[in-house]
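Before reading the points below, please have the sequence and the model open side by side. The note goes through the ligand sites and then turns to individual residues.

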Amino acid sequence: MILEVKNLKVSYNSHIAIENVSFKVKQGEYIALVGENGSGKSTLIKTIMGLKKPDSGEVNFDLDLSEVSYLAQTDLKGIDFPATSKEIIMTGCQKHGKLPFYTKKDKESFQEIVKELGIEELVNKRIGELSGGQKQRALLARSLIRNPKLIILDEPQTGLDIHITRDLYQILERLNREKKVTIIMATHDLDELENIKPRIITISKTIKYDGKFEEWKGM
Ligand code: ADP
Ligand code: MG
């Protein structure tokens, strides 16, 4: 087990966003966190990542936090910095509070991940020049450059068309299968899950279902 979420309750002022949320994650699992808008997916993910403090409950990692990557729910259109994709991807190597000095290993890792995601031709472009799908790949590269054991993605398909989404999911599926990267992905893009058949956790303030894809689909 690499992550345990125990009895989480999280609220905003007096509004309870999630409660009684518990589950365990094993190394190598692929989990889709499914729920309508406002069901608490982002709140749960932010709490797991320590960005939001729970009212009660616990989040326990059996991993070093440097082995966990988080891809936030973002409006890709809004991303436009005066930096190249390469510069942005490389910031994924940085430990908190350290200056951006990169080791030889970081640079090798960069080459490897860029090749793996097939984004060689866009690394020298300014991030703002890229299409939504290309930006999302650059952000994914940024979160993969540290070789995380666990990657948590919050609706990575937001704003992307169906083909780009499919490619993105395929990349994630391959990372999970070949590198045994554990994936937790919030989504409400149910059609695409068919190809992945992940463990499904549905949430609507609390967990409504946690189990196999096939069984969930049959319900
Ligand atoms: P999801 O990611 O599934 O769309 P969220 O976790 O964003 O759901 O939201 C869960 C609930 O918490 C919703 O009722 C939402 O309105 C509320 N909420 C989320 N973020 C905030 C916030 N920053 N302030 C107040 N309420 C929030
Ligand atoms: Mg959300």
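A polar contact here is a pair of N or O atoms within 3.5 Å. The model is a predicted one, and the points that follow should be read with that in mind.

1. Which polar contacts does ligand 1 make? An oxygen atom of ligand 1 lies 3.1 Å from a polar backbone atom of G40, while a polar side-chain atom of S42 is 2.9 Å from an oxygen atom of the ligand. On the side of Y12, an N or O atom of the side chain is 3.4 Å from a nitrogen atom of ligand 1. Taken on its own, ligand 1 has 550 Å² of accessible area, of which the protein covers 61%.

2. The shell around ligand 1 consists of Y12, H15, A17, E36, N37, G38, S39, G40, K41, S42 and T43. Helix α1 gives the largest share, three residues, and both β2 (15–25) and α1 supply at least two residues each.

3. What coordinates the magnesium ion, ligand 2? The protein atoms are OG of S42 and OE1 of Q73, at 2.0 to 2.3 Å. Because S42 belongs to helix α1 (residues 41–48), whereas Q73 sits in the loop between β5 (68–71) and α2 (85–90), the pair ties together parts that are 31 residues apart in sequence. S42 is buried, with a relative accessibility of 19%, since the limit for that class is under 20%; Q73, by contrast, is partly exposed at 36%.

4. K205 is placed in the loop between β8 (199–204) and β9 (206–211), and its relative accessibility of 35% makes it partly exposed. Beyond its neighbours within four places in sequence, K205 is in contact with I16, A17, I18, E19, V21 and S39. With I16, the side chain of K205 reaches the backbone oxygen at 3.5 Å. As for V21, which is 184 residues away along the chain, its C-alpha atom is separated from that of K205 by 8.4 Å. Two of these contact partners, A17 and S39, are also among the residues around ligand 1.

5. Is N176 buried or exposed? N176, found in helix α5 (residues 162–179), counts as buried at 13% relative accessibility. Setting aside its neighbours within four places in sequence, N176 is in contact with G28, E29 and Y30, and also with V181, T182 and I183.

Conventions: Residues are numbered from 1 along each chain as its sequence is written. Chains are lettered from A and ligands numbered from 1 in the order in which they are written. This is a predicted model: local features need pLDDT of at least 70, side-chain atom pairs count only at pLDDT 80 or more; totals for chains, interfaces and linings use all residues. Side-chain values use heavy atoms; hydrogens and water are left out. Donors are N, O and S atoms within 2.8 Å of the metal (3.2 Å for Na, K and Ca); water is not among the atoms, so sites may look incomplete. Helices (H or I, at least four residues) and strands (E, at least two) are DSSP runs, numbered from the N terminus. Buried means under 20% relative accessible area, exposed over 50%, partly exposed in between (1.4 Å probe, protein chains only). Contact means heavy atoms within 4.5 Å. A residue is near a molecule or strand if one of its heavy atoms lies within 4 Å of it. A polar contact is a pair of N or O atoms within 3.5 Å; within protein, one must be able to donate a hydrogen and the other to accept it, and residues adjacent in sequence count only if both atoms are side-chain atoms. Accessible areas come from the Shrake-Rupley method with a 1.4 Å probe; for residues, only the protein chains shown count as cover.
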